[in-house]
Amino acid sequence: MMEEVKEVVSTLSVHGPNIKVTEVLKDGDTLTFLVVSQKLSGTGEYHVGRTYEDFEWLQQHLFSQEDEPGIQGVIFPSLPAKAQVNASPKVMKQLGFLGLGEWLLYCKALESFLQQIAAHSILSRNKAVEIFLTSSDPPGRQRVRKNIFNRLSQAVEERRKEGHKDVDEFFQTERHQNLVLTGCTRTAAEKFLDVVQSEQKIAVAYGHFSASLHLCVEPGEDPDKQAFSNACMKLSKVFDSMKKNMTSVAENNMNTLGLGLDLESRCQEAEKEMLFRRTCKLVELETARRNAEKAKPLKKAAMEEAKKALETEFDHICGVAKQEVARFQAARVEMLQQALVQWCEKQLLTAKESADQFNQHLQAFRGMA
Amino acid sequence: MADTARDPPPELSDFQEVQDGEDLFPEPSATLESGPASLPADNSTNSNGSKQDSLFDDDPEDLFAEATEEVSLDSPERDVLLSDGPSPAITPITPPCSLITPHMDMFTHSSFDEIEEEEGGDSFDMNISVSDPEKVGDGMHAYMAYKVSIKTSMSLFRTHEFSVKRRFSDFLGLHSKLASKYLHMGYIVPPAPEKSIVGMTKVKVGKEDQSSNEFLEKRRSALERYLMRTVQHPTLLKDPDVLQFLESSELPRAVSTQALSSAGILRMVNKAAEAVNKMTIKMNESDAWFEEKQQHFENLDVQLRKLHASVESLVCHRRELSVNTALFAKSAAMLGNSEDHTALSRALSQLAEVEEKMDQLHQDQAHADFYCFSELLGDYVRLLTAVKCVFDHRMKTWQKWQDGQIHLQKKREAEAKLQFNNKPEKLQQAKEDMREMEGKVQQGERDFELISKTIRREVSRFEKERVKDFKSIILKYLESLVLTQQKLIKYWDAFLPEAKAIS
């Protein structure tokens, strides 16, 4: 059992982009995810089982890297909401796409989370990451001390600061853009989920219709009866094909664009959090400046000290934030492009396969006369 | 042919008690000619449709009078058709007598083929389309007039291409006439399209929206299918009411047209079932064909209803998909508009367009689902009620025949008694009564055989049509499926380069 990690500087011994979450094991109410990573030196892999709590442990450790200057300017990779066995409808709704497909997409989301951390210059150096990926024992379950990133601490009144005017054009624009995109992306993801769920319902309906047609087959040598039975059987097969097609279409939607929109949506939220932290720091700084100005001579020196410290901190944050925003923008465009291209390619393939099948059915039916 | 030896009247095990004074058969307007000398005495079994042609007498008026009686007394449709009052099922403009003449040809011939040859025997070549619904009038008295266009090469018609304007109640009027004339004789008369009060009211008050347009399209299609089914029936095609409907520029307003709504059909079927049950007799079916067919149709009814329910649910889901796709397209467009990155923005806008096109495809597919399958299945479920009706009429016809035989038996006994008691004046009357009854019984048997024969023919035709209908619908559906897929491939092909061009 490892003690709380104090040392921050370390390098990852595994290949970041190859980290995979390959499967999920159900044990009663607990879900355990299998995390597989490739050793950088030589051949070999680490296979570790991690629960959602372990992921949270990792996240908390990342948040608590307070000695890292400007850490608050980091856009932290987003951890999806907790997956539950027999989840309530509310939880399922919150999970959106990630709740579909027997946790397959959820695993992909966790995968993305870990890959993003491993690729991050600051975050990957956190020892907790190495432990998480390589230790055969589950990482410590003790609660890390409360940190500023704890969502619960961001009280409602703090949200007022969200609209606070910025001093930097770059960030003002970015904040506005982020606000718009966060809303749009979330809506698009929700609507796309509705589409996928309709498609799934249709696939089921096709199955029912196909089964009903089977019931119409009548025995007997009467030529009319036989003709009718044959027609029903043929149609039943057609609907089986249609079911397969629709299932594929829905899966393609889910696995590519659905996942992509979900990721994008959560990433936008993560950027929002970072920008908000910076804004809060800005407010703090401006308050400190005012205090320093208005301070009585007795307190003035202390106030100036505080102000200077905040200024340095704020500068660090802005520096990191600017880099993060650039990195973030490039990454999201690439991610979305990949998602769109994959989506299109998969759907094109499915459409071509189905077209062939349907054509075959049509020819066979015409030949039946 | 049944045993013609004159056995002593056998014991009839179960029969309805009939008062002597009650007249089972209506008085014909013309006196009956005496029937053939030998009466089939074998009453407990019956031969269906194997009698010789000679038994078909020329009593067209009698038949027709019976027809009217049948409708006004026993027909289960009567309540549905005539609930608005005493208006006759047959509209005044076509008085019964003028209809007898053309019918005489049909009923005096034994085989159908002869009739067809006589009338010029064109092979069926006719195309009917119902189009251009036009609102006539205002407010609640407004109605829709549909253009009925006919294209044909058959010699039955004066011209090869012509059209008339008809309103919905005209169709109902036509159906009610055909039903009253032919159903009880064993002809499977295609049921009328359904009435929809809500749908029509919307149209009347001028509410031009998606649902009222859909309603009009649904109705237009139903009217077209109804007419095509009707004219595809060789007997109905030649009916003067049908010809008048298709050709005359002015049609008198149908007086009472209680449409056979689905509720009406249910009532009709229940009444038929009740009527049959009221006949406490169990029909001795000597022909297994009829029993088997009835069972077959019952099974078919269950299956078709299941299929129909399945398709309705499918149509519902597909409409939902269309709505959701449209919403997603909108949200994708908004995303594209908000996006800074130019290439990504363009790709997202293209995505929105692709989704819109797919929405259109979904709508087309829903349309196909609906008009191909849902309506077809619905039509056949309704047709099956007409088939059931026809079988029930056969049972009633048999019952009538049986009752007649009981009556005859009584009359014979009465005559014998009088003879024994030597009462010459009364004897004469009794002899006449008996002869009259003999004639009626013969008529009853002929009717039964005729309806049985007609039903066999009708069922055979129905089964063939059913297979043809389903096959042609399936083919149409498959073709639309293939077309949709090809369009889809085009859309994806066009989108791929846009997606790749993002960075």
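**Salt bridges in a predicted model**

Hi everyone, let me start with one pair in chain A: K281(A) and E284(A) form a salt bridge, with their closest N and O atoms 3.5 Å apart. Please keep in mind that this is a predicted model.

Where do these two sit? Both are in helix 6 of chain A, which spans residues 223-294, and because they are three residues apart, about one helical turn separates them. How accessible are the partners? K281(A) counts as buried, at 7% relative accessibility, whereas E284(A) is partly exposed, with a relative accessible area of 39%.

A word on confidence while we are on this chain. The average pLDDT of chain A is 87, and 92% of its residues score at least 70. Residues 1-9 of chain A, however, have a pLDDT below 50, and in the model that stretch makes 17 contacts beyond near neighbours in sequence.

Now over to chain B. Here R220(B) pairs with E217(B) in a salt bridge, and the closest N and O atoms are 3.1 Å apart. Both residues belong to helix 7 of chain B, residues 210-232, where they are three residues apart, or about one turn of the helix. As for accessibility, R220(B) is buried at 17%, and E217(B) is partly exposed, its relative accessible area being 28%.

Let me stay with chain B for another arginine. R225(B) forms a salt bridge with D379(B), and this time the closest N and O atoms are 2.5 Å apart. R225(B) lies in helix 7 of chain B and D379(B) in helix 12, residues 342-421, so this pair ties together parts that are 154 residues apart in sequence. Are the two partners buried or exposed? R225(B) counts as buried, with 18% relative accessibility, and D379(B) is buried too, at 10%. The cut-off behind that word is under 20% relative accessible area.

To recap the pairs: K281(A) with E284(A), R220(B) with E217(B), and R225(B) with D379(B).

Terms used. Residues are numbered from 1 along each chain as its sequence is written. Chains are lettered from A and ligands numbered from 1 in the order in which they are written. This is a predicted model: local features need pLDDT of at least 70, side-chain atom pairs count only at pLDDT 80 or more; totals for chains, interfaces and linings use all residues. Side-chain values use heavy atoms; hydrogens and water are left out. A salt bridge is a side-chain nitrogen of Lys or Arg within 4 Å of a carboxyl oxygen of Asp or Glu. Helices (H or I, at least four residues) and strands (E, at least two) are DSSP runs, numbered from the N terminus. Buried means under 20% relative accessible area, exposed over 50%, partly exposed in between (1.4 Å probe, protein chains only). pLDDT is the predictor's confidence in each residue, from 0 to 100. Contact means heavy atoms within 4.5 Å.
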